[in-house]
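Here is a short briefing on one protein model. Have a look at the sequence and structure, then read the notes below.

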Amino acid sequence: MRAAVMFGAGDVQVREVPDARLDRPTDALVKVTHAAICGSDLWRYQKLAPTPDGVRLGHEFLGVVEETGAEVTSVRPGDLVLAPFKWSDGSCEFCRAGLHNSCLNGGFWGGALDGGQGERVRVPLADGTLVPLPMEPDDPRVPAVLALADVLCTGHHAALSARVGPDSTVAVIGDGAVGLCAVLAAARLGAPRIVVLGRHPRRTDLARQYGAVEVVAERGAAAVERVKELTGGHGADAVLECVGTGAALRDALDMTRPGGAVGYVGVPQDGEGVDVRRFYRRNITLAGGVTPARAYIPELLPDVLSGRLDASAIFDRTVGLDGVPDGYKAMAAREALKVLIRP
């Protein structure tokens, strides 16, 4: 079968790879109908050291079940299913606590294993991982549902971690797909005032459509001061950090009002820490991390299917499998916000 493989920074190729096939009785074989390139993939695209074996790509996908192992009971051949960005058994102590991202038996797509940016995927622990969908692959709502594989759940995780509610003034740092989904999530939770920090007009315009009422284009100390100006000098009740750099996290903490909270979900990239003295005296809560997407999907899916929660506009370019290398180039050059793949 064919799949996208990264051999080093800037080097994505579509290659013939071993066919995905069942290996264990708890597996399912899924033919990918829709996948995506994630902003977090771009960090690797920019930094990956050359590797002769390559790294398989893609952690956001949905598709049709073609075959199941003998012990799989929740899905059957012909079902359209969504896969969150990490597989999990659904039954370990962490899954039972809603922390599927910490599953004792789970793992991530790609690397040396099948990734979503390919024709088929062997899904381990299918009963605990896959979510059956009440729709067909040609349903126009599919892109909105695909966003639940990662970015929409991640935006929701940021909002919950920062305790967003009907009385919250919210600042969202980042105008990428996760930041835009964080705007959507904050609006869904009732936040009456959402400020987005970004400087790309097409993206900030979309943020306004999703519920943002103000845009801050400044960065660093200037951005902190601007958010404070907009919030009576005190800062935002909730700040959603959706970038992943130490600078973004420091800005998030600095623009949070005393007693407020920061929800951080940007994948950490530079290893820069934060001195707790920066926010200790202001009693700021810092929470977040890897999103337990499998825990959130059942809650969010009805709102997506009804159209109340629709992130499909983040997909502004569609490619076939052969177009994946160009999709990476377009996202890295900020010529595309998020690329939808139709293998």
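At 4% relative accessibility, Cys95 is buried, where buried means under 20% relative accessible area with a 1.4 Å probe and protein chains only. This is a predicted model: local features need pLDDT of at least 70, side-chain atom pairs count only at pLDDT 80 or more, and totals for chains, interfaces and linings use all residues. Residues are numbered from 1 along each chain as its sequence is written, and side-chain values use heavy atoms, with hydrogens and water left out.

**Cysteines**
- The structure has zero disulfides, a disulfide being a pair of cysteine sulfur atoms within 2.5 Å.
- For Cys95, the closest cysteine sulfur is in Cys103, 3.7 Å away, and that is too far for a bond.
- For Cys38, the closest cysteine sulfur belongs to Cys181 at 10.0 Å, also too far for a bond.
- Cys38 is buried, at a relative accessible area of 5%.

**Overall fold**
- The protein has 11 helices and 18 strands, counted as DSSP runs (helices H or I, at least four residues; strands E, at least two).
- Its radius of gyration is 20 Å, close to the 20 Å from the globule rule for 343 residues, so the protein is as compact as a globular protein of that length.
- That radius is taken over C-alpha atoms, and the rule is 2.2 Å times the number of residues to the power 0.38.
- Along the principal axes, the C-alpha atoms fill a box of roughly 60 × 40 × 35 Å.
- Of the 343 residues, 55% are buried.
- Among contacts between residues at least 6 apart in sequence, 69% join residues at least 24 apart; contact means heavy atoms within 4.5 Å.

**Cavity**
- The whole structure contains one cavity of 30 Å³ or more.
- On a 1 Å grid over the protein atoms alone, a cavity is a set of points where a 1.4 Å probe fits but cannot get out; lining residues have an atom within 4 Å of a point.
- The largest cavity holds about 50 Å³, a volume being the space filled by probe spheres set on the grid points, which are joined across faces, edges and corners.
- Its lining includes Pro84, Phe85, His100 and Arg294.

**Second largest pocket**
- This pocket holds about 350 Å³.
- Its lining has 19 residues, and Pro18, Arg56, Ala112, Leu113 and Asp114 are the closest to its centre.
- A pocket is an open set of grid points with protein on both sides within 12 Å along at least five of seven lines.

Methods
Buried means under 20% relative accessible area, exposed over 50%, partly exposed in between (1.4 Å probe, protein chains only).
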